[in-house]
Amino acid sequence: MSTMTKQETEALIQEVLEVYPEKARKDRAKHLTANDQSLEKSSKCITSNRKSLPGVMTIRGCAYAGSRGVVWGPVKDMIHISHGPVGCGQYSRAGRRNYYVGTTGVNTFTTMNFTSDFQERDIVFGGDKKLDKIIDEIEMLFPLNKGITVQSECPIGLIGDDIEAVSKKKAQDLDKTIVPVRCEGFRGVSQSLGHHIANDAIRDWVFSRAEGKEFESTPYDVTVIGDYNIGGDAWSSRILLEEMGLRVIAQWSGDGTLAEMENTPKAKLNLLHCYRSMNYISRHMEEKYGIPWMEYNFFGPTKIEEALRKIAERFDDKIKEGAERVIAKYKPEWQAVVAKYRPRLEGKRVMLYVGGLRPRHIIGAYEDLGMEVVGTGYEFGHNDDYDRTIKEMGDATLIYDDVTGYEFEEFVKKVKPDLIGSGIKEKYIFQKMGIPFRQMHSWDYSGPYHGYDGFAIFARDMDMTLNNPCWDSITPPWKKSGSAMSVAAE
Amino acid sequence: MPSVMLRRNEEGTLLFYVAKKDLEETIVSVETDTEDAWGGTVELSDGSKYFIEPISPPPAFPTTLRFNRV
Ligand code: SF4
């Protein structure tokens, strides 16, 4: 199918909306649009960050997931207590593949699940005493932890426990950073508010304690913010920055530590990859400590080159030369990747539906391979995310916010993309429909995808998925039209 | 009375950011913008207007200030 016109895209949206009752139709219509590159502001064409419609299948998570799973979870030398019943932490344990270096259970704890395992009596009598006790237990069993966070699950807010008081008291007793995070799942409309709450907790409980700590800085200190090191993403980004002469003093939060977070207010520039989950703390540091921040994109060689130059702009000639050197060094490498895979992928059409930054950031990487993104959307994006998406997407392409299971399936049936990139809940549905699929939250057990090294893996993975011979076997031989068997059967 | 964070974007224009409302717009005009005061009615690129009593001396950006809707 060739590219759709604006009318066709709009007609498709109308057609898909038809099955809804009137009220639901009106509500969902605001979240779906045909892209219009001439717009500066997304608020004119799309509504986002609203409560999902009851009765539809949404793909969102909760505030606890945003805080425990995304922002705090990867901080490797701290222990994050999933405070409340056991399920929230256990079912989400280690699912995001935030890689880290360390000995798990000794000095790093990312893939472990710590929980206060609430029982009925804790709900009835309150869990503060239990929290106090488990913090002591943690101290005894894992003395090398650098700090503890208390990640509230739904019941904590409902029964009104005072986790702040317990945290303050224990922080004093143990002389440690103990961070209470009020990220109960019911707050906000999606995991997005959890990111915000987690950011605020860093501001209130980490920075305040770290003030006055000694730090030897250099003029080239930068931080990598909003990179969760999924499959090693932060590492393949970091080496590029270091090669051009910068010093990365902190990774937020993939493979990150408490000390790195504490040092961040000493940086010269904060580099922000995932805007959605960490813009709040970047804005705070700009205001309070005068550290500028900038967004960058390390997906695909075109965007990487752009980003490296943009970053170098902020520094002296030494770094600018460094950036050019890095760009020149990796050029033959990525050109070989493009030469190999582009002929196999050219012209293929992709639909994305992911979280924080990927619905817009990965577009460039696909384009480098000659592919086209024909539909994209965010689970929990806000207006500012869509503002940044309009220019990246082609005119009249589909944009869907908080898409429902039904809408996504219908769009796919009509648009017929060659590849879909979304989450695990969508994976098997689309694979059964015979469409190649990549799980783009945790890179489908692969990665890294950031940086030049990541691009090579990205290209290979896309080829592996798209050109996999299994897709030809989805239709059984007797159903293939014109085959001798189908004629015989009829 | 939204609490607004003001900062300059890469081009140097002032941005008006209200986290709670998901509002990030550029400021197109400021009533008083002189050497010794900043404030009054500010107009945003989406046409909405906000008011703040002029502050003198002008604040250093980025900063967070409280505005009233006009
Ligand atoms: S919504 Fe509440 S109960 Fe469900 S996972 Fe989130 S914190 Fe746990």
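In these legends Ala, Val, Leu, Ile, Met, Phe, Trp, Tyr, Cys and Pro count as nonpolar, Asp, Glu, Lys and Arg as charged, and the others, Gly among them, as polar. This is a predicted model, in which local features need pLDDT of at least 70 and side-chain atom pairs count only at pLDDT 80 or more, while totals for chains, interfaces and linings use all residues. Residues are numbered from 1 along each chain as its sequence is written, chains are lettered from A and ligands numbered from 1 in the order in which they are written, and side-chain values use heavy atoms, with hydrogens and water left out.

**View 1. Residues around the ligand.** The ligand is surrounded by Cys62(A), Tyr64(A), Cys88(A), Glu153(A), Cys154(A) and Gly185(A), where a residue is near a molecule or strand if one of its heavy atoms lies within 4 Å of it. Sorted by class, this shell holds 4 nonpolar, 1 polar and 1 charged residues.

**View 2. Strand β10 of chain A and its two partners.** Helices (H or I, at least four residues) and strands (E, at least two) are DSSP runs, numbered from the N terminus, and two strands pair if DSSP finds at least two bridges between them. Strand β10(A), residues 349-352, runs parallel to β11(A), residues 372-376, and is joined to it by 3 bridges; Met351(A) stands opposite Gly375(A) in β11(A). A further 3 bridges join β10(A) to β13(A), residues 419-422, also in parallel, and there Val350(A) has Leu419(A) as its bridge partner. In a regular strand the side chains alternate between the two faces of the sheet. Both faces of β10(A) are covered, with Arg349(A) and Met351(A) buried on one side and Val350(A) and Leu352(A) buried on the other; buried means under 20% relative accessible area, exposed over 50%, and partly exposed in between (1.4 Å probe, protein chains only).

View 3. β6(A), helix α10(A) (residues 233-243) and β7(A) make a right-handed β-α-β unit, a crossover being right-handed if, with the strands pointing away from the viewer, the path from the first strand over the helix to the second runs clockwise. The strands β6(A), residues 221-227, and β7(A) run parallel and are joined by 6 bridges, with Trp252(A) in β7(A) as the bridge partner of Ile225(A). Because 6 of the 7 residues of β7(A), residues 247-253, are buried, this strand is largely enclosed by the rest of the structure. Within α10(A), the buried residues include Asp233(A), Ser236(A), Leu240(A) and Leu241(A), and the helix is followed by Gly245(A), whose phi is positive, near 110°.

**View 4. Helix α12 of chain A.** The helix α12(A), residues 275-289, is mostly covered, since 12 of its 15 residues are buried. Among them are Tyr275(A), Arg276(A), Tyr280(A), Arg283(A), His284(A) and Glu286(A). Gly290(A), with a positive phi near 70°, follows the helix.

**View 5. Met433 in a loop of chain A.** Met433(A) is found in the loop between α19 (424-432) and β14 (437-439) of chain A, and at 32% relative accessibility this residue counts as partly exposed. Leaving aside its neighbours within four places in sequence, Met433(A) is in contact (heavy atoms within 4.5 Å) with Glu409(A), Val412(A) and Lys413(A). Met433(A) and Val412(A) are 21 residues apart in sequence, and their C-alpha atoms lie 9.7 Å apart in space.
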